[in-house]
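Colleague: Hi! I'm new to this one, could you walk me through it?
Modeller: Happy to, let me bring it up.

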Amino acid sequence: MVMANPRLLLQSIFILFIIFFLQPCLSWSCPEYQKQALLQFKSSIHAIDSSFHTLDSGKSSSSNCCLWDKVTCSSPSNSNSTSSVVIELHLSYLSAPLMPSNLLAPLFFIRSLRVLDLSWNFINGQIPALGFGNLSNLVHLDLSWNSGELPQEIGNLTKLGELYLNDNALSMEIPTAIGNLSNLSSMRLEKNKLTGGVPASMQKLNKLNSLDLEGNLLTGEIPFWLFNFKDLQHLYLQGNNLTWNNNIKIVPKCRLSGLSLRSSGLQGDIPEWISTQTNLSFLDLSMNQLHGPFPQWLAEFHFLSYLFLSHNKLLGSLPNALFRSSQLSILALSHNKFSGELPKNIGDAKSLFILMLDGNNFSGPIPQSISQISSLQLLDLSRNRLSGNIFPVFDPQVNLLYADFSSNQFSGEVPTTFPPNIQTLALGSNKFSGSLPLNLKKLRNLEHLELQDNNISGELPNFLLQISHLWVLNLRNNSLQGSIPKTLSNLQNLYILDLSSNNLTGEIPIEFVNNLTGMIEAPPNPTSQTVSSAVIIAFSSKFFNSEFAVNELIVNWKKSKQGLSSHNIDMYFLLDLSNNQLSNEIPASLGFDLSHNKLSGPIPTAFTKLQQLTTLDVSNNKLTGRIPVGGQMNTMANPNFYANNSGLCGFQIHVPCPEDLPPAPKLQEHDNKEEPWILKEAVGIGYLVGFLLTIGIIFLVGYFNPSPPSNNRRRRHHHPHRLTRQRI
């Protein structure tokens, strides 16, 4: 018996597969009219952008459009057919800038389309109504991130299951024809300019699973019938002018996993009907008028990952059960009236990524267990009444990037028990005392250090130089003494340095002139981001739509507090050395707030070269000379910035400099040899006439004034002499 060669057998099977299966597939071709429609679309875009190469890129030799990139075709309807039709076009991120909407018209002749993705093309203008309504086979339409307008013919797409129109500039009411899309399961209309109310025709969308209307201009009441959709799982209504009718009691038929009613006029306790939504993983009820305690039933939601209740009037303590959740990732309870001590088991929330409890009335110490949450990246406990002099010792493996403990009642030495990768540390407005601890230098990745408004004493240490990534250093309003160390000028990344309201003495180091390049020169694009922007980017997703921001950097400028957005801290440049005992002259290339010192000499002309200079205050010093003119100095025209410097002059304070005053008029001297004879004669005649007029006036005065009695004759004898002296 001859055994078959396994290798030959496999080769035979492969050949048969090619003959019977693959060859027909290779021969399937799209209809000619669909090919021509695609070529016309491509040609129209190429006319406005010659760099456009898509649809047939890399396969230009093929006449079969089913083989082009971004095109998907169907299989033949039967085994004898060799043709197929275009069913999917994935045309997002085309390179054409501001694509006119009329260029889309050829695509609307491909009626076999089931999927059409035109997102991120900045399509501009009214979507052509002609033909758009003929795409009756569409099940997926993505026109997001454009700026086109939607025609009423959208209601003809009755097979549509997914409609994405988010991030456009739609300034219209939601078309009532949307209610005809009975197969619609997902609709994204967020971040447009839609007006009016939620149309009642949408009640017919019985298959709706996800509805996102965030960030529009919608008005009216939130329809209660939205909660009657049995398949609804995601409902996002925040960022509109929609309001909740607090008098209506609803019994939801849906099982939501995501709900946002931020800024919707909710009042009273957290609505009881939410307790039936035990599948919730995302809940945003922030910026309402909710009050009362934190519900126990909400703390026991096992699937809750993202909870936002900020900017309400909730009170009482936090239940321990809230932190037993293994799913909780973001907890934002800022700006409420919560009080009491923080739960000691807060560290049990092992998945916690962001914890924001700022702006409440929490008191007592920080639980030690918080230091064991390895996933924690942002912690904000500022503006409470927390106290104590022992801080949690964070494990070095904790990923904490941002920590804000400012505006509390902490005391003792400045804590340094934070993980080495921390980037922002805010400890201002507490009661910390003593000198700056040496262990601060271990936090080598610090970019933002705030220690203002404490009782820190001693001298500025040289080891600050070792924290080389610092962008912001705020030591305002402490009791620091001594001189400013020269090494501080080697922190070349500094954008903001505030040493005001201390007891610093001595000169401003001349090294500041060339080394503080982060303030003096236009900065290059930074290689790293501020922690706030880095964190926010990490949270951006389609699921996580709620905006959130960390605290602003607060600086004192002109006796008022100014907030600087921490999203773009590299946009600001500030040096504040005011209210110290600094002396001597101002070094060139140094500016900003130098008020209330004992600085003397002129303002350096090099200030005109400071491209990033936006504010300058040298008031209450002993400066002299002309205020420099040119560059950014021409914008520093507020006289208050130069007040109480008696020796300054310039257009900025409306005081002319001596060299700008016109010279006093002088009598013109002439050489006698060059004077014309007529001038000499005129002068002689003038003297003669003047003499005769004088004698005449004296005679007339004596004629009309009789002589006094004889006993006054001697006194009269002196009058002519006195009169003559007065004339001289």
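**Salt bridges and the overall chain**

Modeller: There are 8 salt bridges in the structure. Keep in mind that this is a predicted model.

Colleague: Thanks! What lets side chains pair like that?
Modeller: Side chains of opposite charge can pair when their charged atoms come close.

Colleague: Show me one. Which residue does Arg-188 meet in a salt bridge?
Modeller: Arg-188 pairs with Glu-190, at 2.4 Å from N to O.

Colleague: Is Glu-190 buried or exposed?
Modeller: Glu-190 is buried, because its relative accessible area is 2%, and buried means under 20%. Arg-188 counts as buried too, at 13% relative accessibility.

Colleague: Got it. And what does Arg-262 pair with?
Modeller: Its side chain meets that of Asp-284 in a salt bridge, 3.2 Å from N to O. This pair links distant parts of the chain, 22 residues apart. Arg-262 sits in the loop between β13 (258-260) and β14 (267-268), while Asp-284 belongs to strand β15 (residues 282-284).

Colleague: How accessible are Arg-262 and Asp-284?
Modeller: Arg-262 has a relative accessible area of 15%, so it is buried. Asp-284 is at 1% relative accessibility and counts as buried.

Colleague: Nice. What about Arg-476, which partner does it meet?
Modeller: Arg-476 forms a salt bridge with Asp-453, at 3.5 Å from N to O. Arg-476 is in the loop between β31 (472-474) and β32 (479-482), and Asp-453 is in the loop between β29 (448-450) and β30 (455-459), so the pair ties together parts that lie 23 residues apart in sequence.

Colleague: Where does Asp-453 fall, buried or partly exposed?
Modeller: Asp-453 is partly exposed, with a relative accessible area of 21%. Arg-476, on the other hand, is buried at 3%.

Colleague: Which residues are joined into one network with Arg-476?
Modeller: Asp-453 and Asp-498, through salt bridges that share partners.

Colleague: Let's zoom out. How many helices and strands does the protein chain have?
Modeller: The protein chain has 10 helices and 41 strands.

Colleague: And what share of the residues is buried?
Modeller: Of the 728 residues in the protein chain, 48% are buried.

Colleague: What about the contacts between residues at least 6 apart in sequence?
Modeller: Of those contacts in the protein chain, 48% join residues at least 24 apart.

Key. Residues numbered from 1 in each chain as written. Predicted model: local features only at pLDDT ≥ 70, side-chain atom pairs only at ≥ 80, totals over all residues. Heavy atoms only, no water. Salt bridge = Lys/Arg side-chain N within 4 Å of Asp/Glu carboxyl O. Buried < 20%, exposed > 50% of the residue type's maximum accessible area, 1.4 Å probe, protein only. Helix = DSSP H or I, 4+ residues; strand = E, 2+ residues; numbered from the N terminus. Contact = heavy atoms within 4.5 Å.
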